[in-house]
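Here are my notes on the structure, as numbered points. Please read them with the model open.

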Amino acid sequence: MAETVADAPPEGERRAEGRTPTERGEADRHRGIARRLRLVRTTAFKLTLVYLTVFVVLSLGLIAYISSTTADLIDRQLEASIDGESAELISEFQSRNLFRLMATIERRAMRPDASVYLITDFSGNPIVGNVGELIYDPAEAVAGEIFPVRYTRLSRAAEADEPAHRALAKLSVLGGGYRLLVGRDVEDRIEFSAIIRRSIRGAIVVVVALALVSWIFLSRSVLRKVDAIAASSRRIVAGDLARRLPTDHSGDEFDRLAQSVNAMLDEIERLHAGLQEVSQNIAHDLKTPLTRLRNRLDEILRTRPSPEESEAVLARALEECDQLIRTFEALLTIARVESHSAGVTLERTDLSALVGDMAEFYEPAAEDVGMRLETRIDPDIAIAGEPTLLRNMIANLLDNALKYGLSESGQVDLHLVREGSEAVISVRDYGEGVGEGDRARLTDRFVRMDAARSKPGAGLGLSLVKAIVGHHGGTLELKDAEPGFAARITLPVLA
Amino acid sequence: MKVLIVEDDSDAAAYLARGLTEAGHASDSAGDGALGLEMALDNDYDVLIVDRMLPELDGLSMIESLRKKDRQVPILVLSALSQVDDRVKGLRAGGDDYLTKPYAFTELLARVEALARRKQTAEFEAVYRVGDLELDRLSHTVNRAGKPVVLQPREFRLLEYLMRHAGQVVTRTMLLENVWDYHFDPQTNVIDVHISRLRGKIDKAFERPLLHTVRGAGYVIRADAE
């Protein structure tokens with residue numbers, strides 16, 4: 001099964017052979033483009049694209065959420081510490097005096113990582129603090145509120161053109177026209193956000209690149225498998241029915257698909273072989289009666305017999321025709337039933353009533369030939385079936401029993417019993433039965449046990465029974481009942 | 001009786017026309033569905049024989065158009081399609097009977113005559129009479145010369161069908177289809193045996209038989225011995 005198609009060059013390459021070099025170069029180029037286009041059209045590409053988009057959108061959303069909540073949290077902590085320090089300083093001013101406050105601020109402002117401090121007098125001139133220049137929106141600068149400002153440090157302002165830092169600040173009115181500003185630098189927080197954004201951008205670029213690479217590898221391996229399957233399929237279509245799709249037993253989707261298709265091909269090959277055999281049988285078995293018919297008619301034309309004689313020959317010829325028509329009819333029914341088609345829909349059928357009616361229908365005929373139908377029919381058994389086909393099936397079995405099942409007692413059993421979820425129809429005679437070797441061939445078309453062919457019939461009855469049983473999802477078993485021949489049919493019961 | 005044959009195969013149409021003439025019936029022929037429809041609308045036929053596959057207008061559409069115009073003429077549908085569902089389609093379209101090709105002419109004639117008779121006589125008579133045989137459809141009783149005859153339900157239906165078509169040949173297939181509603185071909189002579197049983201009950205004890213076998217065709221029930 002694990003055949004490969006490595007020995008078969010792809011169609012495109014075979015076509016490229018036998019051309020001039022320039023033509024070939026041109027062809028190669030076109031094929032290169034076509035191959036690239038094909039990669040884009042693959043399912044793997046589409047899937048990769050979808051997953052990539054979803055991943056990127058989700059990551060962006062998640063990171064945006066995290067960074068905004070983190071910024072919020074940091075802001076709230078800053079604000080809390082500004083509030084706390086402001087309150088502390090104000091209480092120091094209130095409980096002591098301005099100079100003690102100024103001394104405290106002086107001390108605190110000198111620390112290396114000091115916050116932002118400024119005290120101004122009634123005219124707005126700075127008295128003490130570490131702020132050089134202060135830029136803010138006067139509309140936002142309400143006493144008691146926290147608002148953003150930009151500032152430069154007093155100590156370093158002179159040294160360099162250091163850009164203004166951003167900070168959050170709170171303005172408090174101390175009394176006597178003095179005002180206190182306490183703030184915290186937020187440059188670190190802003191820098192932190194920027195680092196996150198940069199690393200996200202980097203990560204996304206890496207992810208997209210990885211996705212593209214994996215897509216190319218995935219698509220190529222998938223395409224290789226698809227190409228192998230397509231190449232095998234083309235050969236099968238071209239008539240090589242024995243060929244199968246390559247399987248690698250890896251158990252992946254392609255392997256399972258190939259195995260299903262192979263199973264389907266096995267079935268098709270079997271049916272095809274059966275069909276060929278049947279056509280040959282049909283041709284053979286119809287040729288014989290047609291030849292007889294032709295000879296009879298030819299005889300009348302040649303010998304010009306008396307009207308009475310020709311009438312007898314013509315009547316026999318007509319009989320041959322009718323038999324041929326019946327044979328065709330049976331073949332058509334078998335074909336229709338076996339192909340499961342022709343709009344045959346199974347309907348809920350009361351099998352008990354149907355079998356009972358058939359028993360009643362056949363009883364007089366059985367008595368007429370000195371036989372006796374013994375029926376045992378369980379009530380209320382329903383199946384999904386087509387009544388005409390089911391009747392045809394039972395009629396064939398009873399016809400056979402009456403034709404071939406002659407015995408001392410003349411008994412023929414017709415039983416319908418329920419066994420669990422199955423309805424079992426059995427027809428049994430007490431005649432000579434059929435030997436084991438012949439039994440296997442009974443359901444083949446045109447097989448007749450009656451070698452002399454003394455009884456009417458085309459040898460299609462049991463083939464038809466088998467087809468009908470199969471159509472209803474049942475099983476047919478033919479066995480030697482010692483004495484007699486028995487057919488046992490099981491059909492699934494409808495609840 | 002006047003019959004319209006709607007059949008595109010001129011050989012088959014001529015064969016039918018000859019046979020009908022021999023049986024004493026007049027017939028017209030139409031080679032396609034459109035012409036057939038026109039002729040059926042313009043004239044008063046007793047029975048139509050319509051092939052399913054026709055040029056211009058197929059058989060079933062032609063029958064449907066006819067029925068839409070409220071023409072109740074009995075129609076026999078001829079078809080090469082023999083499956084049960086094809087048959088059901090043919091009858092649903094408005095056909096009264098369905099016969100599969102190839103057919104024996106006797107079979108066709110018997111069915112055409114049965115259809116024509118159906119048009120003439122009421123199907124609703126409560127009592128059928130043939131000679132001194134009486135069948136009461138309401139009380140489900142049968143008498144011959146005043147004496148009751150006891151029949152099984154199926155035998156009653158068999159006799160009822162034969163008597164409804166008294167004087168006409170009824171084929172085995174017609175009995176199989178109409179009395180049992182079976183649409184398959186039994187290999188054994190089941191119908192003959194049923195008939196002989198019925199015969200044993202209604203004819204045996206009497207001097208003049210009523211139920212006759214017509215060789216190569218079927219059965220007929222009639223009072224006058226021919």
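1. The model discussed here is predicted.

2. Take the helix pair in chain B. Helix α2 (residues 33-42) packs on helix α3 (residues 59-68) at an angle of about 25°, and their axes are 9 Å apart. α2(B) and α3(B) are therefore roughly parallel to each other. Their crossing is right-handed.

3. Which residues make that contact? From α2(B) come B:Gly33, B:Gly36, B:Leu37 and B:Ala40. From α3(B) come B:Gly59, B:Ser61, B:Met62, B:Ser65 and B:Leu66. The contact of α2(B) with α3(B) divides into 4 nonpolar and 5 polar residues, with no charged ones.

4. Now the sheet. Chain B has an open sheet of 3 strands, in the order β10-β12-β11, with antiparallel pairing. β10 (170-171) and β11 (211-214) of chain B stand at the edges. Each has a single partner strand, so one side of each is left without a neighbour in the sheet.

5. A closer look at β10(B). The strand runs antiparallel to β12 (residues 218-221) of chain B, and 2 bridges join them. B:Val170 stands opposite B:Tyr219 in β12(B).

6. Finally, the chain contact. On chain B, 19 residues are in contact with 21 residues of chain A. Two or more residues each come from α4 (84-92) and α8 (190-202) of chain B. α8(B) gives the most to this side of chain B, with 4 residues. By type, the side of chain B that touches chain A has 8 nonpolar, 7 polar and 4 charged residues.

Technical notes. Residues are numbered from 1 along each chain as its sequence is written. Chains are lettered from A and ligands numbered from 1 in the order in which they are written. This is a predicted model: local features need pLDDT of at least 70, side-chain atom pairs count only at pLDDT 80 or more; totals for chains, interfaces and linings use all residues. Two strands pair if DSSP finds at least two bridges between them. Two residues are in contact if their C-beta atoms, placed from the backbone, lie within 7 Å. Ala, Val, Leu, Ile, Met, Phe, Trp, Tyr, Cys and Pro count as nonpolar, Asp, Glu, Lys and Arg as charged, and the others, Gly among them, as polar. Axes are lines fitted to C-alpha atoms, for helices over the stretch in contact, and angles run from 0 to 180 degrees between N-to-C directions. Angles under 35 degrees count as roughly parallel, over 145 as roughly antiparallel, 65 to 115 as roughly perpendicular and the rest as oblique. A crossing is left-handed if the near helix is turned anticlockwise from the far one by less than a right angle, and right-handed if clockwise.
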